Amino acid sequence: MRRKASLILLALAVFFAALAPLLRWYAFPHLAKIPANEYQTMVLEAKNATLLDYDGLVARTVPKVTIVQTLKGDVEASEKIEKTAGRDVVVWDGLSYVQGPDGKMVSKVPERYIFDAHTQEPVHATGEMVDGDPVRREGIEFKWPFLTEKRDYEYFDAQTRTTAPIHYKGTQNFRGLEVYYFEQTVPWTKVAMPRTMPVKGITPQDIAKTGTTRWYTTVRKFWVEPVTGAPVYGEEIHQEELRGGTLLGGRAKVTAFAGHVKMREDYIEHTVSVIKSNRTLVLLLTAYLPWGFLLLGALLMSLSLYLEARARRPDEPTAAEPAAPRPVTA
C-alpha cells in the first residue's frame with residue numbers, strides 16, 4: 001500500500017510541477033487580454049489655465065478647463081478584423097472633448113485605435129484614424145503591455161500623428177501601489193487644426209486661407225502599474241499657440257490653450273480600485289498559482305520519496321517466544 005501511495009503522489013508531483021510553467025508561459029499569454037467590449041471614461045482638469053477667447057482672439061486666464069476622455073470598444077468591428085488578422089483584436093473608439101468654464105465646447109477629437117488584445121501592439125486595419133485622418137500607429141497608446149518592463153517604450157502622439165520614445169524615469173509608490181513613472185516631451189510641432197471648431201461657420205480650411213497655423217508642445221507623464229500595464233495616474237503640461245497669418249491682426253502668435261492637466265480626484269480613486277482588482281487576477285496566472293503549484297509539487301515529491309523509503313525498509317524482527325521448559329532427566 002505504501003508503494004502504491006508513493007507512485008500516486010509521484011504522479012501528482014510531476015503533474016503540478018509541469019503545470020506551473022505551463023500556466024506562466026502558455027496559459028497567461030493566451031488568457032490575459034483586454035476585453036473587446038471595454039468602456040472607460042476619464043475626466044481631467046486644468047485649473048487656472050490660459051484659454052483663447054475666440055470673440056476677440058485674446059488669451060485669458062480661466063478658473064478651469066475640463067477634458068473628458070472616452071474609450072468605447074466596438075465588438076462588431078473587432079470580430080470583423082479578427083477574421084483577417086488571425087489574432088484577438090480590440091477596437092477602441094476614443095473621444096477627447098475639451099470644454100471651457102462656461103461648459104461650451106473648445107474642441108473634440110475622435111480616434112479609432114486598433115490593437116492586439118494580448119500585447120497591446122497596434123494592428124493596422126481600415127478605419128484606424130485620428131480626427132478623421134487615416135493614420136498608421138507605431139508604438140503604444142493609452143495602455144502599456146501586461147508585465148511592463150523598466151525601459152523606454154515607443155508612444156504614439158495623437159496631436160502630431162507621430163511616434164517617439166516615452167522614457168522610464170524610475171519606480172515610485174502611488175496610493176499603495178508600486179508604479180513605474182514614464183515621461184515624454186513633445187517639442188513645439190506644427191499640427192492640424194481640429195475638424196470641429198469652437199466657432200460655428202468657421203472651418204479649418206477658412207483658417208488655412210489666412211495663413212495662421214497651430215502649434216503644440218506637451219510634457220506627458222504617466223504612472224503605470226507594471227503588472228496590468230494600466231496607468232493609475234497621468235498629467236500633461238500642455239501648450240497650444242496660433243501663429244502668423246492675417247487672422248491674428250499682425251501679432252506673431254497667441255496662446256490658444258496652456259495648462260497643467262491632471263486627473264480629477266474621484267477618477268483617480270476609481271482607477272486605483274479597478275487596477276488593484278485586475279492586478280490580483282494577473283498575479284494569479286503569473287505568480288501565485290505557478291509558484292504555488294511548484295511548491296505543492298515539491299511537497300508531494302518529498303512525501304512520495306518518504307513513503308517509498310518506508311516501503312523498501314525491511315520489517316522489524318519480532319521477539320522470539322521463550323521456549324517451553326524441558327524436564328530434567330538423569
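Which element provides the largest share of the lining of the second largest pocket? In this predicted model, where local features need pLDDT of at least 70, side-chain atom pairs count only at pLDDT 80 or more, and totals for chains, interfaces and linings use all residues, that share comes from S1, with three residues. Residues are numbered from 1 along each chain as its sequence is written, and side-chain values use heavy atoms, with hydrogens and water left out.

The second largest pocket has a volume of about 410 Å³. A pocket is defined on a 1 Å grid over the protein atoms alone, as an open set of points where a 1.4 Å probe fits, with protein on both sides within 12 Å along at least five of seven lines; lining residues have an atom within 4 Å of a point. Points are joined across faces, edges and corners, and the volume is the space filled by probe spheres set on them. The lining comprises 15 residues, of which Leu 52, Asp 53, Tyr 54, Asp 102 and Lys 104 are the closest to the pocket centre. Two or more lining residues are given by each of S1, S2 and strand S4 (105–116); helices (H or I, at least four residues) and strands (E, at least two) are DSSP runs numbered from the N terminus. By class, the lining holds nine nonpolar, one polar and five charged residues (Ala, Val, Leu, Ile, Met, Phe, Trp, Tyr, Cys and Pro count as nonpolar, Asp, Glu, Lys and Arg as charged, and the others, Gly among them, as polar).

The largest nonpolar core has 24 residues, and the members touching the most others are Val 65, Phe 174, Val 232, Tyr 233 and Phe 257. Such a core is a set of buried Ala, Val, Leu, Ile, Met, Phe, Trp, Tyr and Cys residues joined through side-chain atoms within 4.5 Å. Buried denotes under 20% relative accessible area, exposed over 50%, and partly exposed the range in between (1.4 Å probe, protein chains only). Strands S1 (39–53), S2 (58–73), S9 (177–191), S11 (230–243) and S12 (253–263) and helix H4 (265–312) each give two or more residues to this core. The most, five residues, come from S1. A second, separate core of 23 residues includes Leu 23, Ala 27, Phe 146 and Leu 285.

Contacts (heavy atoms within 4.5 Å) of Phe 257, not counting residues up to four places away in sequence, include Ala 46, Val 65 and Glu 240. Glu 240 is found in strand S11 and is buried, at a relative accessible area of 12%. Its side chain forms polar contacts with those of Arg 214, at 3.2 Å, and His 238, at 2.8 Å. A polar contact is a pair of N or O atoms within 3.5 Å; within protein, one must be able to donate a hydrogen and the other to accept it, and residues adjacent in sequence count only if both atoms are side-chain atoms.

Thr 212 lies in the loop between helix H3 (204–210) and strand S10 (213–225) and is buried, with a relative accessible area of 5%. The side chain of Thr 212 makes a polar contact of 3.2 Å with that of Thr 210 and reaches the backbone oxygen of Gly 244 at 2.8 Å.

Thr 196, in the loop between S9 and H3, is partly exposed at 27% relative accessibility. Beyond its neighbours within four places in sequence, Thr 196 is in contact with Met 105 and Lys 108. Thr 196 and Asp 131 are 65 residues apart along the chain, with 8.9 Å between their C-alpha atoms.
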